[in-house]
Amino acid sequence: MSDAHLTERSLDGSREPVELTEEPIQLSTRDSGGDPDERSSGWSRRRKIGWTAALVVGLAGAGVLGVAGWRVAQQKDTQLTSPDRVVGLTRDDSERAKSTADYLRSGLAANIELDRSFGTVYRDPADEKRSVLIFGGTTLLWQPERDLDTLFRLMSDETGAVNGLRELPAGDLGGVLKCGSTSGEGGDFAVCGWADHGSVVMAMFPGRSVSDAGGLLRNLRDGMQTRG
């Protein structure tokens, strides 16, 4: 074995020494994908597609918010009145009726903060046993259906479970209208309510089916609700 240090050994004369340059060393001989300008434009196209998709999603979200905002603006300024007569019913101004209506109104106002509240009993001239107890109020509601469902749960606590709760057409005034049935001293009766971004109202309909009560409440609403 030679005693010469490795750095002192002469290079094999059969090979040329490797020259190091400042040029980068290419580690692969595969085609890198074509002309650099084409690669640049390819990335540009992908970026454009990404930005376009983001823009479409953003515009869709803005559209939803726009529709929701328009609906709130349209419904928030609501007024409710209790006319003497509406859809063939007559307002009952007796002390007993006023006491009952005020009790229901107070219960509603205790659970939902209202700007204005009301409670009224309407008599059916054709049948005294089919009086309508209606109560509610006006305020800005961001989630009308949620608040209406809350009132139905409260009603269940007071009168017993409201069964068969289902959504019915709300009519031209929009919002949501739901009806179900519960039991009382006089037997089963329908319970209905509506809510929009400016009002929430509940009503009891002794002696009426859920479908009949839903249609009657829709007509009552047309005669009691206006928007500024």
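Colleague: How many disulfides does the structure hold?

Modeller: This is a predicted model, in which local features need pLDDT of at least 70, side-chain atom pairs count only at pLDDT 80 or more, and totals for chains, interfaces and linings use all residues. Residues are numbered from 1 along each chain as its sequence is written, and side-chain values use heavy atoms, with hydrogens and water left out. A disulfide is a pair of cysteine sulfur atoms within 2.5 Å, and the sulfur atoms of Cys-179 and Cys-192 are 2.0 Å apart. The number of disulfides in the structure is one.

Colleague: Is the link of Cys-179 and Cys-192 right-handed or left-handed?

Modeller: The angle about the S-S bond is 115°. With that angle, the link of Cys-179 and Cys-192 is right-handed.

Colleague: How many residues apart are Cys-179 and Cys-192?

Modeller: Helices (H or I, at least four residues) and strands (E, at least two) are DSSP runs, numbered from the N terminus. Cys-179 is in strand 7 (residues 176–184) and Cys-192 is in strand 8 (residues 187–195).

Colleague: Why does Cys-179 count as buried?

Modeller: Buried means under 20% relative accessible area, exposed over 50%, and partly exposed in between (1.4 Å probe, protein chains only). Cys-179 counts as buried because its relative accessible area is 0%.

Colleague: In what order do the strands of the open sheet of eight lie?

Modeller: Two strands pair if DSSP finds at least two bridges between them. Strand 5 (residues 132–138) and strand 9 are joined by six bridges, while strand 8 and strand 9 are joined by seven. The pairing in the sheet is antiparallel, and the order is 2-3-4-5-9-8-7-6.

Colleague: Which are the edge strands?

Modeller: An edge strand here pairs on one side only. That holds for strand 2 (85–86) and strand 6 (163–168).

Colleague: How many residues of strand 9 are buried?

Modeller: Strand 9 (residues 199–206) has antiparallel bridges to strand 5, and antiparallel bridges to strand 8. With strand 8, strand 9 forms a hairpin that has three residues between the two strands. Strand 9 is mostly covered, and of its eight residues the number buried is seven.

Colleague: In strand 9, which residue is the bridge partner of Phe-189?

Modeller: Other pairs that involve strand 9 can be named as well: Val-201 is the bridge partner of Gly-136, and Met-204 stands opposite Leu-133. For Phe-189, the bridge partner in strand 9 is Pro-206.

Colleague: Which element gives the largest share of the lining of the largest pocket?

Modeller: On a 1 Å grid over the protein atoms alone, a cavity is a set of points where a 1.4 Å probe fits but cannot get out, whereas a pocket is an open set with protein on both sides within 12 Å along at least five of seven lines, and lining residues have an atom within 4 Å of a point. The largest pocket is lined by 31 residues, and nearest its centre lie Thr-100, Leu-104, Leu-133, Phe-189 and Met-204. Two or more lining residues come from each of helix 2 (95–111), strand 5, helix 3 (144–159), strand 8 and strand 9. The largest share, eight residues, comes from helix 2.

Colleague: How much space lies in the largest pocket?

Modeller: Grid points are joined across faces, edges and corners, and a volume is the space filled by probe spheres set on the points. For the largest pocket this space is about 990 Å³.

Colleague: How far apart in space are Val-162 and Ala-190, C-alpha to C-alpha?

Modeller: Val-162 is in the loop between helix 3 and strand 6, and counts as buried because its relative accessibility is 14%. Leaving out residues up to four places away in sequence, Val-162 has contacts (heavy atoms within 4.5 Å) with residues including Phe-152, Met-155 and Gly-180. Val-162 and Ala-190 are 28 residues apart in sequence, and their C-alpha distance is 8.7 Å.

Colleague: What is the phi of Val-87?

Modeller: Val-87 is found in the loop between strand 2 and strand 3 (89–91). The residue is partly exposed because its relative accessible area is 42%. Val-87 is not a glycine, yet its phi is positive, at about 40°.
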